[in-house]
Amino acid sequence: MKKFIGLLSDHDYVIRYQGDNLVELIEPNQHILVTKPLITSNQLNILVWNIFKQKRADSLTVLKQYIDDSALILLQEAQTTPQLLNFISRNNKIADHVPAYSFNDIYAGVMTIANSLPISVIPFKEKEPLIRIPKSALITEYSLPNTTKTLLVANIHAVNFSFGVKIYHQQIRMLLNQLETHQGPVILAGDFNAWSRQRLHLVYHLIRKINLKPVNFTTDIRKTFMGRPLDFVFYRGLKIEKAEIIHTLASDHNPLLVNFLFE
């Protein structure tokens, strides 16, 4: 792992973890040989969760409850602890991680866990305007059964405190530029840190411009700050079968669970 530290300080990379404890460094736009689609039916279940750096004992227990039924798990504040990496390996999943920063050889950032390899990956990092520690984001693209269209998935942990919304706008706009022209279904999800009226209005303005729709929850127990929710799922080219929020004390955020159907 130490051999990646110098590279990560200067460039945006994805570190991939999968079965047999295999670790790879994946560059943006690197060709990836994909042998199977993400799903085998028209149903796609996803879990979106800020896992709070796995600080609480039950975080992997919660993941274990949903790992089999979720084709995609989008984590924010995921730390590459031996416990999480062994969990991924034991469950034969593929995890693509964009390290925002590292400490004692443990990397923290967004992580997208999937049933199959993505066709492509695009990592992003943006420094917090005040504390200068980066937040990361990741776009992954997956093949689908019985169609030439692909699924584009963006996992984001947005920058937090700042004066104004210039850097916040810049981070989200970079992701949306990639999603805007995609011809297949799209999912954008994560911790948006949309705690101010200005941030929240900006998010909704930007997602409407590229025809994304928000997932709404009947019982809304999302983590809030200053009275506004922080976690969101936006989508296009899909139908919602079910959407719920899981109450847990295993993180300071509650996981979002969404079951999609392909149109």
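What follows is a guided walk through this model, which is predicted.

In soluble globular proteins, nonpolar side chains tend to be buried together. In this model the largest nonpolar core has 27 residues, and the members that touch the most others are Tyr168, Leu179, Leu188 and Phe192. At least two residues of this core come from each of strand 8, strand 9 (150-157), helix 4 (166-180), strand 10 (186-191), helix 5 (197-209) and strand 14 (231-236). To see how one member sits among its neighbours, select Phe192: leaving aside residues up to four places away in sequence, Phe192 touches Ile156, Ala158, Tyr168, Ile172, Arg199, Val203, Leu230, Phe232 and Phe234. There is also a second, separate core, made of 25 residues, and among them are Ile46, Val215, Val233 and Phe260.

Helix 3, which covers residues 82-90, gives another view of buried side chains. Its buried residues are Leu84, Leu85, Phe87, Ile88 and Ser89, and these pack against strand 1 (14-18), helix 2 (59-66), strand 4 (72-79), strand 5 and strand 6. After helix 3 comes Asn92, which has a positive phi, near 55°.

The next topic is charge. Side chains of opposite charge can pair when their charged atoms come close. In one, the side chains of Glu128 and Lys135 meet with a distance of 2.5 Å from N to O. Are these two partners buried or exposed? Because a residue counts as buried when its relative accessible area is under 20%, Glu128 is buried at 3%, and Lys135 is likewise buried at 15%.

Glu180 pairs with Arg173, and the closest N and O atoms of the two lie 3.4 Å apart. Here Glu180 is partly exposed, with a relative accessible area of 41%, while Arg173 is buried, with a value of 19%. In the salt bridge between Asp220 and Arg222, the closest N and O atoms are 2.8 Å apart; Asp220 is partly exposed, with a relative accessible area of 42%, whereas Arg222 is buried, with a value of 13%.

The last topic is the open space in the model. Which residues lie nearest the centre of the largest pocket? They are Lys53, Glu77, Lys135, His157 and Asn160, out of the 27 residues that line this pocket. Strand 5 (94-103), strand 6 (106-114) and strand 8 (134-143) are the elements that give two or more residues to this lining. The space in the largest pocket is about 480 Å³, and its lining is made up of 13 nonpolar, 7 polar and 7 charged residues.

Definitions and conventions
Residues numbered from 1 in each chain as written. Predicted model: local features only at pLDDT ≥ 70, side-chain atom pairs only at ≥ 80, totals over all residues. Heavy atoms only, no water. 1 Å grid on protein atoms, 1.4 Å probe; cavity = no way out; pocket = protein on both sides within 12 Å on 5 of 7 lines; lining within 4 Å. Points joined across faces, edges and corners; volume = space filled by probe spheres on them. Helix = DSSP H or I, 4+ residues; strand = E, 2+ residues; numbered from the N terminus. Nonpolar A, V, L, I, M, F, W, Y, C, P; charged D, E, K, R; others polar. Core = buried A, V, L, I, M, F, W, Y, C linked by side-chain atoms within 4.5 Å. Buried < 20%, exposed > 50% of the residue type's maximum accessible area, 1.4 Å probe, protein only. Contact = heavy atoms within 4.5 Å. Salt bridge = Lys/Arg side-chain N within 4 Å of Asp/Glu carboxyl O.
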